[in-house]
Amino acid sequence: MERSLLSVNDMNSDEWMIVGRIVAPHGVRGDLRIFPDIERPEIFKSLKTLSIDGKVYKIISARPHKNIYILRVEGIDCLLYTSDAADE
């Protein structure tokens with residue numbers, strides 16, 4: 001199974017940086033388990049947006065959990081449903 005990369009930018013440029021990988025869902029409300037690919041994973045607490053497979057999402061919350069981070073992302077509400085799916 002291929003894992004999605006998470007990318008962020010510093011809002012001052014068009015360049016994005018890979019900061020982690022989605023390794024699994026967490027719970028049934030659409031939270032994501034993220035394995036950090038950076039030296040200082042606490043940066044997840046201060047991020048406002050991220051890109052998953054080229055689509056930009058707003059981060060609602062981020063919290064550490066063992067060696068990963070749990071992210072709640074706007075527009076991802078459950079395991080199989082995103083807000084965009086309703087538009088298609």
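This is a predicted model: local features need pLDDT of at least 70, side-chain atom pairs count only at pLDDT 80 or more; totals for chains, interfaces and linings use all residues.

User: Why is the contact of Asp-31 and Arg-72 called a salt bridge?

Analyst: The N to O distance between the two side chains is 2.6 Å. The cut-off is within 4 Å, so the pair of Asp-31 and Arg-72 qualifies as a salt bridge. This pair links distant parts of the chain, with Asp-31 in strand E3 and Arg-72 in strand E6, 41 residues apart.

User: What makes Arg-72 partly exposed?

Analyst: Arg-72 has a relative accessible area of 23%.

User: Why does the salt bridge of Asp-37 with Arg-21 tie together separate parts of the sequence?

Analyst: The closest N and O atoms of Asp-37 and Arg-21 are 3.0 Å apart. Asp-37 lies in the loop between strands E3 and E4, whereas Arg-21 belongs to strand E2, so the pair joins parts that are 16 residues apart in sequence.

User: How do you know that Arg-40 counts as exposed?

Analyst: Arg-40 has 60% relative accessibility, and exposed means over 50%, so Arg-40 counts as exposed. Arg-40 forms a salt bridge with Glu-42, at 3.2 Å between the closest N and O atoms. Glu-42, at 39%, counts as partly exposed.

User: How many salt bridges does the structure hold?

Analyst: The structure holds three salt bridges.

Conventions: Residues are numbered from 1 along each chain as its sequence is written. Side-chain values use heavy atoms; hydrogens and water are left out. Helices (H or I, at least four residues) and strands (E, at least two) are DSSP runs, numbered from the N terminus. Buried means under 20% relative accessible area, exposed over 50%, partly exposed in between (1.4 Å probe, protein chains only).
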